[in-house]
Amino acid sequence: MPGPPTNVCVVLLDSLNRHMLGSYGGHEFDTPNLDRFAADHATRFTRHVTGSLPCMPARHDILVGALDFLWKPWGSIELWEQPITRVLGAQGVTSMLVTDHPHLFEVGGENYHTDFGGWDYVRGHEGDLWRTHADPSWVGSPAMPARAGDWWLKKQFGDLGLHRGYDRSRTFFREELDYPGPRTMTEAARFLREATPHHDNWFLFVDEFDPHEPFDTPPPWAGRYHDGDWDDEWIIWPPYAVGAQADGKLTDAEGRHIRANYGAKLSMIDHWFGSVLAAFDEQGLWNDTALIVCTDHGHYLGEERGGRDIWGKPGVPQFEPLGHTPLLIHWPGQAGGQTCDALTTNVDIFATIADAYGATVEHRTHGRSLVPLLTGATSSIRDWAIGGVYGNWVQVTDGDHKYARASAADNFPLSMWSNRWSTMPVHITGYGDLPKPDDRAFLDRMPGSTVPVIRQPFRDGDLLPFWVGRHNIDDHHLYRLDIDPDEQENRVGDALETEMTDMLRSALKEIDAPNEQLERLGIA
(Lines give C-alpha, C1' and ligand atoms only; values in the text may rest on other atoms or scores of the structure.)
Protein backbone atom coordinates (compact mmCIF):
# COMPACT_ATOMS: atom_id res chain seq x y z
CA MET A 1 0.00 0.00 0.00
CA PRO A 2 1.59 3.32 -1.04
CA GLY A 3 2.30 5.77 1.76
CA PRO A 4 2.21 9.58 1.74
CA PRO A 5 3.86 11.17 -1.31
CA THR A 6 7.57 11.91 -1.32
CA ASN A 7 7.22 14.13 -4.40
CA VAL A 8 4.63 16.57 -5.69
CA CYS A 9 3.97 17.66 -9.29
CA VAL A 10 1.64 20.60 -9.92
CA VAL A 11 0.37 21.25 -13.45
CA LEU A 12 -1.32 24.64 -13.73
CA LEU A 13 -3.20 25.09 -17.02
CA ASP A 14 -4.00 28.78 -17.40
CA SER A 15 -7.61 29.82 -18.11
CA LEU A 16 -8.88 26.23 -17.91
CA ASN A 17 -12.68 26.20 -18.12
CA ARG A 18 -14.17 23.63 -15.75
CA HIS A 19 -17.45 23.35 -17.60
CA MET A 20 -15.68 22.41 -20.83
CA LEU A 21 -13.88 19.35 -19.44
CA GLY A 22 -15.44 15.97 -20.03
CA SER A 23 -14.74 14.97 -16.44
CA TYR A 24 -16.95 17.86 -15.31
CA GLY A 25 -19.76 17.14 -17.76
CA GLY A 26 -18.52 19.07 -20.78
CA HIS A 27 -19.32 17.74 -24.26
CA GLU A 28 -18.28 20.58 -26.55
CA PHE A 29 -14.56 19.82 -26.82
CA ASP A 30 -12.38 16.73 -26.46
CA THR A 31 -10.25 16.39 -23.29
CA PRO A 32 -9.48 12.65 -23.16
CA ASN A 33 -6.29 12.82 -21.11
CA LEU A 34 -7.66 15.06 -18.37
CA ASP A 35 -10.74 12.85 -18.31
CA ARG A 36 -8.62 9.70 -18.05
CA PHE A 37 -6.59 11.22 -15.24
CA ALA A 38 -9.80 12.07 -13.35
CA ALA A 39 -11.30 8.62 -13.87
CA ASP A 40 -8.24 6.45 -13.24
CA HIS A 41 -6.03 8.34 -10.80
CA ALA A 42 -7.53 11.50 -9.31
CA THR A 43 -10.05 12.88 -6.88
CA ARG A 44 -12.28 15.39 -8.64
CA PHE A 45 -13.10 18.46 -6.53
CA THR A 46 -16.51 19.89 -7.36
CA ARG A 47 -16.54 23.10 -5.30
CA HIS A 48 -13.13 24.60 -5.94
CA VAL A 49 -13.21 28.39 -6.39
CA THR A 50 -10.81 31.19 -7.20
CA GLY A 51 -9.21 33.41 -4.57
CA SER A 52 -6.93 36.28 -5.56
CA LEU A 53 -7.19 37.28 -9.22
CA PRO A 54 -6.16 37.49 -11.99
CA CYS A 55 -3.01 35.62 -13.20
CA MET A 56 -0.14 36.56 -10.87
CA PRO A 57 -2.30 37.02 -7.73
CA ALA A 58 -3.62 33.49 -8.29
CA ARG A 59 -0.08 32.14 -8.50
CA HIS A 60 0.71 34.02 -5.31
CA ASP A 61 -2.14 32.09 -3.65
CA ILE A 62 -0.63 28.77 -4.76
CA LEU A 63 3.10 29.40 -4.27
CA VAL A 64 2.96 31.73 -1.23
CA GLY A 65 -0.33 30.69 0.37
CA ALA A 66 -1.60 34.16 1.27
CA LEU A 67 -4.52 36.02 -0.28
CA ASP A 68 -3.11 39.35 -1.45
CA PHE A 69 -5.91 40.99 -3.48
CA LEU A 70 -7.11 42.99 -0.45
CA TRP A 71 -3.70 44.62 -0.02
CA LYS A 72 -2.25 45.01 -3.51
CA PRO A 73 -3.12 44.39 -7.17
CA TRP A 74 -0.60 42.34 -9.13
CA GLY A 75 2.92 41.92 -7.87
CA SER A 76 5.97 40.05 -6.75
CA ILE A 77 6.74 38.03 -3.63
CA GLU A 78 7.31 40.47 -0.78
CA LEU A 79 10.09 40.68 1.81
CA TRP A 80 7.93 39.26 4.59
CA GLU A 81 6.87 36.21 2.55
CA GLN A 82 8.46 32.82 1.98
CA PRO A 83 7.44 30.97 -1.18
CA ILE A 84 7.08 27.22 -0.71
CA THR A 85 10.13 26.69 -2.95
CA ARG A 86 12.43 28.58 -0.56
CA VAL A 87 11.31 26.50 2.38
CA LEU A 88 11.59 23.25 0.44
CA GLY A 89 15.09 24.15 -0.70
CA ALA A 90 16.16 24.62 2.92
CA GLN A 91 14.83 21.13 3.61
CA GLY A 92 16.87 19.61 0.79
CA VAL A 93 13.96 19.15 -1.61
CA THR A 94 14.87 19.72 -5.26
CA SER A 95 12.39 22.05 -6.98
CA MET A 96 11.97 22.63 -10.70
CA LEU A 97 9.88 25.12 -12.68
CA VAL A 98 8.94 24.37 -16.28
CA THR A 99 6.91 27.18 -17.84
CA ASP A 100 6.02 29.24 -20.88
CA HIS A 101 4.30 31.91 -18.78
CA PRO A 102 5.79 35.31 -19.71
CA HIS A 103 4.41 37.16 -16.66
CA LEU A 104 6.86 35.20 -14.48
CA PHE A 105 9.72 37.03 -16.19
CA GLU A 106 8.54 40.63 -16.23
CA VAL A 107 7.95 43.29 -13.58
CA GLY A 108 5.22 42.20 -11.19
CA GLY A 109 6.14 38.52 -11.38
CA GLU A 110 9.89 38.57 -11.70
CA ASN A 111 10.89 36.80 -8.48
CA TYR A 112 8.60 33.77 -8.39
CA HIS A 113 11.13 31.63 -10.28
CA THR A 114 14.23 32.63 -8.34
CA ASP A 115 13.80 30.22 -5.40
CA PHE A 116 13.32 27.15 -7.57
CA GLY A 117 16.33 24.84 -7.70
CA GLY A 118 16.11 25.00 -11.49
CA TRP A 119 13.86 26.53 -14.10
CA ASP A 120 13.20 26.11 -17.81
CA TYR A 121 11.49 29.01 -19.57
CA VAL A 122 10.01 28.07 -22.94
CA ARG A 123 9.88 31.26 -24.98
CA GLY A 124 7.29 32.75 -27.25
CA HIS A 125 3.87 32.92 -25.57
CA GLU A 126 1.50 35.93 -25.58
CA GLY A 127 3.57 39.14 -25.17
CA ASP A 128 6.90 37.47 -24.42
CA LEU A 129 9.71 39.90 -25.36
CA TRP A 130 11.69 37.32 -27.28
CA ARG A 131 11.65 39.14 -30.63
CA THR A 132 11.73 42.81 -31.62
CA HIS A 133 10.25 42.18 -35.07
CA ALA A 134 8.25 39.59 -36.99
CA ASP A 135 10.56 36.61 -37.34
CA PRO A 136 10.65 35.00 -40.83
CA SER A 137 12.89 32.14 -39.66
CA TRP A 138 11.96 28.46 -39.30
CA VAL A 139 10.09 29.24 -36.06
CA GLY A 140 8.34 32.21 -37.57
CA SER A 141 6.47 32.64 -40.84
CA PRO A 142 2.74 32.97 -40.19
CA ALA A 143 0.76 29.78 -40.65
CA MET A 144 -2.60 31.52 -40.97
CA PRO A 145 -3.82 35.08 -41.51
CA ALA A 146 -5.00 36.34 -38.12
CA ARG A 147 -6.25 39.61 -36.71
CA ALA A 148 -3.69 41.48 -34.64
CA GLY A 149 -3.90 41.53 -30.86
CA ASP A 150 -5.40 45.02 -30.76
CA TRP A 151 -8.18 44.38 -33.29
CA TRP A 152 -10.96 44.73 -30.71
CA LEU A 153 -9.53 47.87 -29.12
CA LYS A 154 -9.09 49.48 -32.53
CA LYS A 155 -12.66 48.59 -33.39
CA GLN A 156 -13.90 50.29 -30.23
CA PHE A 157 -11.48 53.16 -29.67
CA GLY A 158 -9.13 53.52 -32.63
CA ASP A 159 -5.39 52.93 -32.55
CA LEU A 160 -4.12 52.89 -28.94
CA GLY A 161 -0.61 51.78 -29.85
CA LEU A 162 -0.73 48.23 -28.53
CA HIS A 163 2.74 46.77 -28.84
CA ARG A 164 5.40 44.46 -27.41
CA GLY A 165 4.37 41.07 -28.72
CA TYR A 166 0.63 41.51 -29.02
CA ASP A 167 0.99 42.64 -32.64
CA ARG A 168 2.21 39.11 -33.43
CA SER A 169 5.93 39.92 -33.27
CA ARG A 170 5.83 36.55 -31.50
CA THR A 171 4.60 35.17 -34.87
CA PHE A 172 3.10 31.80 -35.58
CA PHE A 173 5.04 28.59 -35.32
CA ARG A 174 5.17 26.10 -38.18
CA GLU A 175 5.42 22.79 -36.35
CA GLU A 176 3.35 21.67 -33.36
CA LEU A 177 6.41 21.07 -31.18
CA ASP A 178 7.57 24.64 -31.88
CA TYR A 179 4.55 25.93 -29.98
CA PRO A 180 5.24 26.92 -26.36
CA GLY A 181 2.53 24.69 -24.85
CA PRO A 182 3.60 21.37 -26.38
CA ARG A 183 7.26 22.20 -25.70
CA THR A 184 6.50 22.96 -22.04
CA MET A 185 4.71 19.67 -21.53
CA THR A 186 7.51 17.81 -23.32
CA GLU A 187 10.14 19.40 -21.06
CA ALA A 188 8.07 18.56 -17.97
CA ALA A 189 7.89 14.93 -19.08
CA ARG A 190 11.65 14.98 -19.67
CA PHE A 191 12.23 16.09 -16.08
CA LEU A 192 9.97 13.30 -14.82
CA ARG A 193 11.89 10.72 -16.88
CA GLU A 194 15.48 11.92 -16.60
CA ALA A 195 15.88 14.03 -13.47
CA THR A 196 13.69 12.36 -10.89
CA PRO A 197 15.90 9.23 -10.54
CA HIS A 198 18.68 11.56 -9.31
CA HIS A 199 16.68 13.15 -6.47
CA ASP A 200 15.22 11.58 -3.33
CA ASN A 201 12.57 14.29 -2.97
CA TRP A 202 11.47 16.78 -5.58
CA PHE A 203 8.79 19.32 -6.39
CA LEU A 204 7.88 20.06 -10.02
CA PHE A 205 5.73 23.08 -10.89
CA VAL A 206 4.53 23.15 -14.49
CA ASP A 207 3.06 26.57 -15.21
CA GLU A 208 1.51 26.09 -18.64
CA PHE A 209 0.03 29.23 -20.20
CA ASP A 210 -2.35 27.31 -22.49
CA PRO A 211 -5.25 27.38 -23.13
CA HIS A 212 -4.83 31.13 -22.47
CA GLU A 213 -5.02 33.35 -25.52
CA PRO A 214 -3.82 33.73 -28.23
CA PHE A 215 -5.93 30.83 -29.44
CA ASP A 216 -3.57 29.86 -32.25
CA THR A 217 -2.94 26.19 -32.96
CA PRO A 218 -1.22 24.16 -35.69
CA PRO A 219 -2.74 21.26 -37.61
CA PRO A 220 -4.43 18.98 -36.72
CA TRP A 221 -5.98 21.26 -34.08
CA ALA A 222 -6.53 24.44 -36.09
CA GLY A 223 -10.14 24.67 -37.21
CA ARG A 224 -11.00 21.41 -35.46
CA TYR A 225 -14.26 22.76 -34.02
CA HIS A 226 -15.27 25.29 -36.68
CA ASP A 227 -18.88 24.84 -37.78
CA GLY A 228 -18.09 25.78 -41.38
CA ASP A 229 -15.50 27.43 -43.60
CA TRP A 230 -13.90 30.58 -42.20
CA ASP A 231 -12.71 32.87 -45.01
CA ASP A 232 -11.78 35.90 -42.91
CA GLU A 233 -8.65 36.44 -40.82
CA TRP A 234 -8.71 34.13 -37.82
CA ILE A 235 -9.58 35.65 -34.44
CA ILE A 236 -7.10 34.27 -31.93
CA TRP A 237 -7.24 37.24 -29.53
CA PRO A 238 -10.68 37.32 -27.86
CA PRO A 239 -12.32 40.60 -26.89
CA TYR A 240 -12.57 41.58 -23.24
CA ALA A 241 -16.11 42.83 -23.30
CA VAL A 242 -19.65 42.62 -21.92
CA GLY A 243 -22.53 42.56 -24.38
CA ALA A 244 -20.36 42.42 -27.50
CA GLN A 245 -22.86 40.24 -29.33
CA ALA A 246 -25.91 41.81 -27.71
CA ASP A 247 -24.76 45.23 -28.90
CA GLY A 248 -23.99 44.00 -32.42
CA LYS A 249 -20.24 44.61 -32.17
CA LEU A 250 -19.37 40.93 -32.43
CA THR A 251 -21.28 38.72 -34.84
CA ASP A 252 -22.60 35.35 -33.78
CA ALA A 253 -20.29 33.73 -36.32
CA GLU A 254 -17.28 35.55 -34.82
CA GLY A 255 -18.34 34.44 -31.36
CA ARG A 256 -18.59 30.80 -32.42
CA HIS A 257 -15.23 31.10 -34.18
CA ILE A 258 -13.48 32.46 -31.06
CA ARG A 259 -15.03 29.79 -28.86
CA ALA A 260 -14.00 27.07 -31.30
CA ASN A 261 -10.43 28.36 -31.35
CA TYR A 262 -10.29 28.19 -27.54
CA GLY A 263 -11.57 24.63 -27.79
CA ALA A 264 -8.84 23.73 -30.26
CA LYS A 265 -6.16 24.99 -27.89
CA LEU A 266 -7.80 23.19 -24.98
CA SER A 267 -7.74 19.90 -26.90
CA MET A 268 -4.15 20.50 -28.00
CA ILE A 269 -2.84 21.06 -24.48
CA ASP A 270 -4.89 18.12 -23.21
CA HIS A 271 -3.14 15.97 -25.81
CA TRP A 272 0.29 17.07 -24.62
CA PHE A 273 -0.70 16.69 -20.97
CA GLY A 274 -0.80 13.05 -21.96
CA SER A 275 3.02 13.10 -22.09
CA VAL A 276 3.07 13.87 -18.36
CA LEU A 277 0.72 10.95 -17.70
CA ALA A 278 2.90 8.71 -19.86
CA ALA A 279 5.98 9.67 -17.81
CA PHE A 280 4.10 8.84 -14.60
CA ASP A 281 3.20 5.45 -16.08
CA GLU A 282 6.72 4.68 -17.30
CA GLN A 283 8.49 5.77 -14.12
CA GLY A 284 5.97 4.22 -11.72
CA LEU A 285 5.37 7.59 -10.09
CA TRP A 286 1.77 6.93 -9.08
CA ASN A 287 2.99 5.16 -5.92
CA ASP A 288 5.03 8.00 -4.43
CA THR A 289 4.12 11.22 -6.27
CA ALA A 290 1.11 13.48 -5.90
CA LEU A 291 -0.13 15.06 -9.15
CA ILE A 292 -2.23 18.21 -8.84
CA VAL A 293 -3.96 19.71 -11.90
CA CYS A 294 -5.36 23.19 -11.32
CA THR A 295 -5.84 26.60 -12.89
CA ASP A 296 -5.78 30.27 -11.96
CA HIS A 297 -9.26 31.03 -13.34
CA GLY A 298 -11.58 30.30 -16.23
CA HIS A 299 -12.23 32.42 -19.31
CA TYR A 300 -15.57 33.81 -20.50
CA LEU A 301 -16.48 32.74 -24.03
CA GLY A 302 -19.90 34.28 -24.54
CA GLU A 303 -21.68 32.90 -21.46
CA GLU A 304 -24.58 35.16 -20.50
CA ARG A 305 -25.28 36.86 -17.21
CA GLY A 306 -28.05 39.42 -16.89
CA GLY A 307 -28.88 38.91 -20.56
CA ARG A 308 -25.40 40.06 -21.64
CA ASP A 309 -22.72 37.89 -23.23
CA ILE A 310 -19.30 38.06 -21.53
CA TRP A 311 -15.89 37.65 -23.18
CA GLY A 312 -12.38 37.39 -21.75
CA LYS A 313 -11.86 38.78 -18.25
CA PRO A 314 -13.71 42.11 -18.21
CA GLY A 315 -14.73 44.09 -15.13
CA VAL A 316 -17.49 41.85 -13.81
CA PRO A 317 -17.82 39.69 -10.69
CA GLN A 318 -16.31 36.23 -10.82
CA PHE A 319 -19.29 34.42 -12.24
CA GLU A 320 -19.21 30.61 -12.32
CA PRO A 321 -17.52 30.17 -15.74
CA LEU A 322 -14.47 32.08 -14.48
CA GLY A 323 -14.58 31.63 -10.71
CA HIS A 324 -15.68 27.98 -10.30
CA THR A 325 -12.62 26.08 -11.41
CA PRO A 326 -11.46 22.47 -11.85
CA LEU A 327 -9.17 20.74 -9.38
CA LEU A 328 -7.96 17.17 -9.90
CA ILE A 329 -5.56 15.56 -7.42
CA HIS A 330 -3.88 12.18 -7.46
CA TRP A 331 -2.78 11.21 -3.96
CA PRO A 332 -0.79 7.98 -3.55
CA GLY A 333 -2.82 5.28 -1.85
CA GLN A 334 -6.16 6.80 -2.85
CA ALA A 335 -8.25 5.32 -5.65
CA GLY A 336 -8.97 7.34 -8.76
CA GLY A 337 -12.44 8.32 -9.87
CA GLN A 338 -13.45 9.73 -6.50
CA THR A 339 -15.35 12.98 -5.97
CA CYS A 340 -14.94 15.57 -3.21
CA ASP A 341 -17.78 18.06 -2.69
CA ALA A 342 -16.04 20.11 0.00
CA LEU A 343 -15.52 23.84 -0.53
CA THR A 344 -11.88 24.59 -1.44
CA THR A 345 -9.83 27.41 -2.93
CA ASN A 346 -6.34 28.02 -4.33
CA VAL A 347 -4.54 28.89 -1.07
CA ASP A 348 -5.47 25.37 0.02
CA ILE A 349 -3.18 24.00 -2.69
CA PHE A 350 -0.24 25.76 -1.02
CA ALA A 351 -1.23 24.28 2.35
CA THR A 352 -1.45 20.82 0.76
CA ILE A 353 2.04 21.06 -0.76
CA ALA A 354 3.44 22.22 2.58
CA ASP A 355 1.65 19.36 4.35
CA ALA A 356 3.11 16.80 1.93
CA TYR A 357 6.66 17.84 2.85
CA GLY A 358 6.04 18.72 6.51
CA ALA A 359 7.01 22.31 5.72
CA THR A 360 6.05 25.47 7.58
CA VAL A 361 6.46 29.12 6.67
CA GLU A 362 6.84 32.15 8.91
CA HIS A 363 4.38 34.53 7.26
CA ARG A 364 0.59 34.57 7.71
CA THR A 365 -1.15 32.18 5.31
CA HIS A 366 -4.83 31.53 4.62
CA GLY A 367 -5.04 27.99 3.27
CA ARG A 368 -6.04 24.65 4.77
CA SER A 369 -4.54 21.35 3.71
CA LEU A 370 -6.60 19.15 1.42
CA VAL A 371 -4.93 15.99 2.72
CA PRO A 372 -7.70 15.19 5.25
CA LEU A 373 -10.22 15.42 2.39
CA LEU A 374 -8.12 13.21 0.13
CA THR A 375 -7.65 10.52 2.78
CA GLY A 376 -11.24 10.63 3.98
CA ALA A 377 -10.33 11.88 7.46
CA THR A 378 -12.84 14.72 7.12
CA SER A 379 -15.55 15.90 4.74
CA SER A 380 -14.99 19.66 5.13
CA ILE A 381 -12.10 22.03 5.78
CA ARG A 382 -13.73 25.47 5.50
CA ASP A 383 -17.13 27.13 5.85
CA TRP A 384 -16.43 29.95 3.42
CA ALA A 385 -14.03 31.07 0.72
CA ILE A 386 -13.39 34.63 -0.39
CA GLY A 387 -11.85 36.05 -3.52
CA GLY A 388 -11.71 38.97 -5.89
CA VAL A 389 -9.65 41.49 -7.78
CA TYR A 390 -7.93 44.40 -6.03
CA GLY A 391 -10.22 47.43 -5.83
CA ASN A 392 -13.19 45.51 -7.25
CA TRP A 393 -15.91 43.21 -5.95
CA VAL A 394 -15.07 41.06 -2.94
CA GLN A 395 -16.85 37.73 -3.02
CA VAL A 396 -17.73 35.14 -0.42
CA THR A 397 -19.28 31.72 -0.92
CA ASP A 398 -20.30 28.82 1.29
CA GLY A 399 -20.57 26.55 -1.73
CA ASP A 400 -24.34 26.93 -2.07
CA HIS A 401 -24.62 30.73 -2.07
CA LYS A 402 -22.35 33.39 -3.54
CA TYR A 403 -22.30 37.07 -2.65
CA ALA A 404 -20.24 39.61 -4.57
CA ARG A 405 -20.09 42.91 -2.73
CA ALA A 406 -19.20 46.00 -4.76
CA SER A 407 -17.87 49.24 -3.39
CA ALA A 408 -20.13 51.78 -1.78
CA ALA A 409 -19.99 55.50 -2.56
CA ASP A 410 -16.79 56.22 -4.53
CA ASN A 411 -14.63 53.06 -4.13
CA PHE A 412 -12.54 54.69 -1.41
CA PRO A 413 -10.77 54.46 1.00
CA LEU A 414 -8.29 52.29 -0.89
CA SER A 415 -4.58 51.77 -0.21
CA MET A 416 -1.83 49.61 -1.61
CA TRP A 417 0.63 47.75 0.66
CA SER A 418 3.88 46.78 -1.07
CA ASN A 419 7.64 47.13 -0.97
CA ARG A 420 7.90 45.94 -4.60
CA TRP A 421 5.95 48.64 -6.39
CA SER A 422 4.23 47.22 -9.46
CA THR A 423 0.96 46.36 -11.10
CA MET A 424 0.08 44.37 -14.20
CA PRO A 425 2.20 45.57 -17.14
CA VAL A 426 0.02 47.19 -19.79
CA HIS A 427 1.75 47.29 -23.15
CA ILE A 428 -0.01 50.32 -24.60
CA THR A 429 1.96 53.30 -25.84
CA GLY A 430 1.34 56.34 -23.64
CA TYR A 431 -0.21 54.37 -20.78
CA GLY A 432 2.03 55.30 -17.88
CA ASP A 433 3.40 52.98 -15.25
CA LEU A 434 1.99 53.00 -11.74
CA PRO A 435 3.14 56.26 -10.10
CA LYS A 436 5.71 55.92 -7.34
CA PRO A 437 4.63 56.35 -3.70
CA ASP A 438 4.14 60.02 -2.84
CA ASP A 439 4.14 62.10 0.35
CA ARG A 440 0.86 60.53 1.48
CA ALA A 441 2.59 57.16 1.88
CA PHE A 442 3.70 55.90 5.28
CA LEU A 443 5.13 52.73 6.83
CA ASP A 444 2.67 50.16 8.12
CA ARG A 445 2.71 46.41 8.91
CA MET A 446 1.04 43.42 7.30
CA PRO A 447 -0.90 41.07 9.60
CA GLY A 448 1.52 38.84 11.50
CA SER A 449 4.60 40.68 10.21
CA THR A 450 7.08 43.09 11.80
CA VAL A 451 8.57 44.11 8.45
CA PRO A 452 7.77 47.75 7.61
CA VAL A 453 5.75 48.05 4.41
CA ILE A 454 4.97 51.09 2.29
CA ARG A 455 1.27 51.89 2.44
CA GLN A 456 0.08 54.27 -0.27
CA PRO A 457 -3.43 55.72 0.13
CA PHE A 458 -5.25 56.55 -3.09
CA ARG A 459 -7.92 59.13 -3.73
CA ASP A 460 -10.21 60.14 -6.55
CA GLY A 461 -8.22 61.49 -9.49
CA ASP A 462 -5.16 59.26 -8.93
CA LEU A 463 -3.90 56.95 -11.66
CA LEU A 464 -4.94 53.71 -10.01
CA PRO A 465 -3.45 50.25 -10.53
CA PHE A 466 -4.78 48.38 -13.54
CA TRP A 467 -7.96 46.31 -12.89
CA VAL A 468 -9.31 48.65 -10.17
CA GLY A 469 -13.08 48.96 -10.57
CA ARG A 470 -14.44 52.36 -11.46
CA HIS A 471 -18.03 51.77 -12.52
CA ASN A 472 -19.44 49.14 -10.18
CA ILE A 473 -20.65 51.26 -7.28
CA ASP A 474 -23.39 49.42 -5.32
CA ASP A 475 -23.59 46.75 -8.03
CA HIS A 476 -23.93 43.82 -5.64
CA HIS A 477 -24.70 40.25 -6.72
CA LEU A 478 -26.24 37.39 -4.74
CA TYR A 479 -26.96 33.94 -6.17
CA ARG A 480 -28.26 30.64 -4.86
CA LEU A 481 -25.94 28.28 -6.69
CA ASP A 482 -27.74 25.23 -5.32
CA ILE A 483 -30.83 26.03 -7.41
CA ASP A 484 -29.47 28.62 -9.87
CA PRO A 485 -25.99 27.45 -10.99
CA ASP A 486 -26.11 29.70 -14.08
CA GLU A 487 -26.67 32.80 -11.89
CA GLN A 488 -29.72 34.09 -13.71
CA GLU A 489 -31.55 35.53 -10.67
CA ASN A 490 -29.76 38.20 -8.64
CA ARG A 491 -31.27 37.90 -5.16
CA VAL A 492 -29.84 41.12 -3.72
CA GLY A 493 -32.43 42.52 -1.33
CA ASP A 494 -33.54 39.09 -0.08
CA ALA A 495 -33.15 38.24 3.60
CA LEU A 496 -30.23 36.03 2.54
CA GLU A 497 -28.19 39.14 1.74
CA THR A 498 -27.94 40.05 5.43
CA GLU A 499 -26.66 36.56 6.23
CA MET A 500 -24.07 36.66 3.43
CA THR A 501 -22.99 40.20 4.36
CA ASP A 502 -22.34 38.97 7.89
CA MET A 503 -20.36 36.03 6.50
CA LEU A 504 -18.26 38.36 4.34
CA ARG A 505 -17.62 40.71 7.25
CA SER A 506 -16.57 37.83 9.50
CA ALA A 507 -14.33 36.35 6.81
CA LEU A 508 -12.54 39.66 6.24
CA LYS A 509 -11.99 40.13 9.95
CA GLU A 510 -10.73 36.55 10.33
CA ILE A 511 -7.93 37.14 7.83
CA ASP A 512 -7.19 40.60 9.30
CA ALA A 513 -8.13 42.40 6.10
CA PRO A 514 -7.60 46.17 6.19
CA ASN A 515 -10.43 47.99 7.92
CA GLU A 516 -10.61 50.33 4.97
CA GLN A 517 -11.75 47.41 2.79
CA LEU A 518 -14.82 47.03 4.99
CA GLU A 519 -15.37 50.79 4.74
CA ARG A 520 -14.95 50.71 0.95
CA LEU A 521 -17.56 47.96 0.75
CA GLY A 522 -19.92 49.75 3.14
CA ILE A 523 -19.97 46.95 5.72
CA ALA A 524 -17.72 48.35 8.46
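**Entry 1: helix 2**

For my notes, buried means under 20% relative accessible area, exposed means over 50%, and partly exposed is in between (1.4 Å probe, protein chains only). Helices here are DSSP runs of H or I with at least four residues, strands are runs of E with at least two, and both are numbered from the N terminus.

Before going on, I noted that this is a predicted model: local features need pLDDT of at least 70, side-chain atom pairs count only at pLDDT 80 or more, and totals for chains, interfaces and linings use all residues. Residues are numbered from 1 along each chain as its sequence is written, and side-chain values use heavy atoms, with hydrogens and water left out.

Back to helix 2: its buried residues include Cys55, Arg59, His60 and Asp61. What covers them? I found strand 1, strand 3 (52–53), helix 3 (84–90), strand 6, strand 8 and helix 8 among the covering elements, where contact means heavy atoms within 4.5 Å. Just after helix 2, glycine 65 has a positive phi of about 85 degrees.

**Entry 2: helix 2 against helix 8**

Next I looked at how two helices pack. Such a pair is described by the angle between the axes and the distance between them. The axes of helix 2 (residues 55–64) and helix 8 (residues 347–357) come within 6 Å and cross at roughly 25 degrees. Axes are lines fitted to C-alpha atoms, for helices over the stretch in contact, and angles run from 0 to 180 degrees between N-to-C directions.

Helix 2 and helix 8 are therefore roughly parallel. The cut-offs I wrote down: under 35 degrees is roughly parallel, over 145 roughly antiparallel, 65 to 115 roughly perpendicular, and the rest oblique.

Helix 2 makes the contact with Asp61, Ile62, Leu63 and Val64, and helix 8 with Val347, Ile349 and Phe350. I sorted the contact of helix 2 with helix 8 by class and got 6 nonpolar, no polar and 1 charged residues. In that sorting Ala, Val, Leu, Ile, Met, Phe, Trp, Tyr, Cys and Pro are nonpolar, Asp, Glu, Lys and Arg are charged, and the others, Gly among them, are polar.

Helix 8 is mostly covered too, with 10 of its 11 residues buried. Among them are Asp348, Thr352 and Tyr357. Just after helix 8, glycine 358 takes a positive phi of about 65 degrees.

**Entry 3: the largest nonpolar core**

Then I went for the core. A nonpolar core is a set of buried Ala, Val, Leu, Ile, Met, Phe, Trp, Tyr and Cys residues joined through side-chain atoms within 4.5 Å. The largest one has 56 residues, and Val11, Phe37, Met185, Leu192, Leu204, Phe273 and Leu291 touch the most other members. Elements that each supply at least two residues include strand 1 (7–13), helix 5 (180–195), strand 6 (202–208), helix 6 (252–283) and strand 8 (289–294). Which helix gives the most? Helix 6 does, with 13 residues.

I checked methionine 185, leaving aside neighbours within four places in sequence: its contacts include Val11, Val206, Trp272 and Phe273. Another core of 43 residues lies apart, with Leu97, Phe203, Cys294 and Ile381 among its members.

**Entry 4: helix 5 against helix 6**

Helix 5 and helix 6 pack at about 5 degrees, with axes 9 Å apart. That makes helix 5 roughly parallel to helix 6. Residues in the contact include Met185 and Leu192 of helix 5 and Trp272 and Phe273 of helix 6. By class, the contact of helix 5 with helix 6 has 13 nonpolar, 4 polar and 2 charged residues.

Serine 15 has a positive phi of about 60 degrees, though it is not a glycine. Serine 15 sits in the loop between strand 1 and helix 1. Is serine 15 buried or exposed? At 0% relative accessibility, serine 15 counts as buried.

Histidine 297, in the loop between strand 8 and strand 9 (300–305), is buried at 1% relative accessibility. Beyond four places in sequence, histidine 297 has contacts that include Asp14, Ser15, Cys55 and Lys313.

Last, I noted a cis peptide bond from glutamate 213 to proline 214, with omega near 5 degrees. Proline 214 is in the loop between strand 6 and strand 7 (241–242).
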